[in-house]
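Here is a short report on one protein model.

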Amino acid sequence: MALVLVAVGGWYGYQQWAGSDCSGELKLTVAAAPEIAPAVEKAAADLSADETEVDGLCVAVEVTASESVDVAAAVAGQHGVSLSGVGQASGSAVLPNVWLPDSSTWLLRLRQQAPAFAPQNNTSVARSPVVVAMPEPLAATVGWPQKKLGWKDLLGRITTGTQLKTGLVEPSRDAAGLSGLLSLAIAAQSGGGVRAQQATTAALRALATGASAVREELIARFPRATDQTSIARGLGAAALSEEDVIEFNATKPPVPLAALYLEPAPISLDYPYAVMPGTEPAKGAAAEKLFAALDTGAFRRQLAAQGLRAPDGTWADGFAPPRGAPSPAGTQPTPTTPAPNPGGTAGGGDGATIERVLSSWAVATQSGRMLAIIDISGSMFEKVPTANNATRMQVTLEAAKRGLALFDDSWALGLWVFSTELNGSRDYRSLVPIGPMSAQRERLESQLAGITPKRGGDTGLFDSILAGYKAVQEDWQPGRVNSVVMLTDGKNEDANGISQAQLLAELKRINDPDRPVQVIIIGISAEVSKAELDSIPKVTGGAAFVTEDPAKIGDIFLQAIARRPTAPR
């Protein structure tokens with residue numbers, strides 16, 4: 001009995017000596033991209049097993065596999081902004097303490113729209129190069145795996161009618177799709193001028209025909225049988241992550257995928273470790289302990305089991321590389337939020353380039369019905385120093401011309417101009433009524449080229465907006481974005497027209513939620529009244545964009561016409 005008591009007492013004493021001194025639990029929430037989440041969960045479990053402490057509290061890490069687009073929508077909603085193509089977050093969305101998206105481009109896009117969003121750390125913890133996935137029999141016909149291909153090679157095959165069926169996951173919602181789109185767009189623009197724009201537009205339209213809403217849907221379109229007919233009918237090429245290819249081939253499909261590592265290297269998926277703004281200090285300290293656990297050989301082996309590389313682009317034991325995969329790979333600089341023009345890669349890592357390409361994509365892939373109303377008041381003769389002293393009118397028309405080239409034949413467009421007293425006492429004049437682009441593209445181009453400002457003309461803004469709204473509403477069409485896009489360099493100057501209060505009251509009266517008409521106004525000078533313009537989208541939905549530099553109108557015009565409808569506030 002004495003020996004038993006001694007043994008029990010000794011065991012109890014050891015437990016007291018070796019046990020944790022934690023007086024409670026410190027919960028750290030982590031949202032990680034689904035493919036990296038299992039590796040992070042293992043590291044978090046090890047951290048808990050070691051009874052890691054902060055301020056006397058045991059760290060308990062809760063890891064949730066979360067699609068990056070869903071967390072991005074929640075962050076955007078918190079800051080009162082929206083990301084192109086992302087949409088609104090669900091009402092139940094809760095922001096984590098740490099976010100591990102698949103790409104730094106999410107942080108960059110959010111920072112572009114919400115400068116106050118400033119997560120900490122942001123260091124890459126894993127990597128997966130973006131590749132062009134192609135069925136192996138088809139890849140062999142282009143020289144894989146010996147031949148190195150470039151984005152210009154792929155661009156030529158996409159746009160020259162070689163029957164290569166290409167696909168893309170919606171790039172506004174998928175980082176690998178965005179990376180591939182950026183690389184193709186920059187390859188198309190490399191020559192500059194009109195031909196570059198035509199090549200870009202052709203590439204966007206070709207990709208749009210094979211676009212998918214989600215990755216699983218795209219991957220399911222690859223051929224599942226080895227006969228030539230199945231291969232010819234199936235998806236031939238798509239921008240995916242290397243991890244996607246590894247996961248696909250792990251199922252031993254009849255037709256494996258080749259991973260083509262095109263040059264110049266696109267922006268890779270880099271899995272940044274973002275400690276979210278507002279995280280309390282104790283949880284920030286816990287986040288640093290978890291980050292340290294993700295910088296170990298054990299974690300890199302966990303990454304390898306998930307088909308992911310280490311941050312330096314190499315791989316650990318257990319990684320199953322696609323045939324011909326280089327090591328390291330995907331190690332070009334990746335976008336980071338603090339830098340004004342990060343990356344410098346083929347992918348175009350700065351926020352402005354990303355927004356421009358996504359806006360062009362949205363215009364090329366959506367179908368809409370739009371009335372463009374262009375200001376031709378006398379002030380449009382003013383010179384723009386930042387545009388080689390071209391007039392405001394010339395800069396505006398050039399932006400409209402470039403935008404027009406993006407619209408395919410499924411669009412319907414109309415063109416008005418406005419000033420004051422253009423048609424008797426009327427401030428506006430119709431140049432081309434709203435109609436299908438397939439029937440009146442040349443007419444629109446001709447009318448645009450002939451627009452000149454009215455010397456001495458003032459800005460009949462309110463009457464023109466109301467008339468344009470009614471015109472679009474009258475022949476409203478379902479299944480399309482019905483919109484008015486107005487470009488102006490001034491505020492309302494028509495003493496004989498309706499007032500701002502009268503305009504807003506009438507818009508409220510005739511607004512029909514079942515037949516929404518989006519009003520977008522682009523102000524292009526310091527004379528524009530932002531408050532005056534902002535009041536109108538609040539009633540109709542839409543947005544007002546203002547820049548004091550008319551030379552920036554091209555990018556703003558693309559953002560404006562790419563915008564999806566929003567409900568009036």
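The sections below go from the whole chain to single residues.

## Basis of the model

This is a predicted model: local features need pLDDT of at least 70, side-chain atom pairs count only at pLDDT 80 or more, and totals for chains, interfaces and linings use all residues. Residues are numbered from 1 along each chain as its sequence is written, and side-chain values use heavy atoms, with hydrogens and water left out.

## Overall make-up

The protein has 21 helices and 19 strands. Both are DSSP runs numbered from the N terminus: helices are H or I with at least four residues, strands are E with at least two. Of the 569 residues, 53% are buried. Buried means under 20% relative accessible area, exposed means over 50%, and partly exposed lies in between (1.4 Å probe, protein chains only).

Take the contacts (heavy atoms within 4.5 Å) between residues at least 6 apart in sequence: 77% join residues at least 24 apart. The protein exposes about 24,600 Å², and carbon and sulfur atoms supply 51% of that area. Areas come from the Shrake-Rupley method with a 1.4 Å probe; for residues, only the protein chains shown count as cover.

## Salt bridges

Side chains of opposite charge can pair when their charged atoms come close. The structure holds 14 salt bridges. The criterion is a side-chain nitrogen of Lys or Arg within 4 Å of a carboxyl oxygen of Asp or Glu. One of them joins Arg-215 and Asp-174, at 2.9 Å from N to O. Arg-215 sits in helix H9 (residues 215-219) and Asp-174 in the loop between strand S7 (166-169) and helix H7 (175-189), so the pair ties together parts 41 residues apart in sequence. Both residues, Arg-215 and Asp-174, are buried.

Arg-402 and Glu-398 also form a salt bridge, with their closest N and O atoms 3.1 Å apart. Both lie in helix H15 (residues 392-406), four residues apart, about one turn of the helix. Arg-402 is partly exposed at 40% relative accessible area. Glu-398 is partly exposed too, at 35%. Asp-409 and Arg-441 meet in another salt bridge, 3.1 Å from N to O. This pair links distant parts of the chain: Asp-409 is in the loop between H15 and strand S15 (412-423), Arg-441 in helix H16 (residues 437-449), 32 residues apart. Asp-409 is partly exposed, at 46% relative accessibility. Salt bridges with shared partners also join Asp-174, Arg-215 and Asp-244 into one network.

## Negative patch

Glu-67, Asp-70, Glu-216 and Glu-247 form a negative surface patch. Patch residues have over 30% relative accessible area and no salt bridge; like charges are joined within 9 Å, nonpolar side chains (Val, Leu, Ile, Met, Phe, Trp, Tyr) within 5 Å. Asp and Glu count as negative, Lys and Arg as positive; His and the chain ends are not counted. Each charge is placed at NZ of Lys, CZ of Arg, CG of Asp or CD of Glu. Glu-247 lies in helix H11 (residues 242-249). Glu-247 is exposed, at 51% relative accessible area.

## Backbone exceptions

Most residues other than glycine have a negative phi, and most peptide bonds are trans. The bond from Trp-144 to Pro-145 is cis, with omega near 5 degrees. Pro-145 lies in the loop between helix H5 (136-140) and helix H6 (151-159). The bond from Ser-327 to Pro-328 is cis as well, with omega near 0 degrees.

Asn-121, not a glycine, has a positive phi of about 75 degrees. Asn-121 is in strand S5 (residues 120-124). Asn-388 has a positive phi near 55 degrees. Asn-388 is exposed, at 76% relative accessible area.
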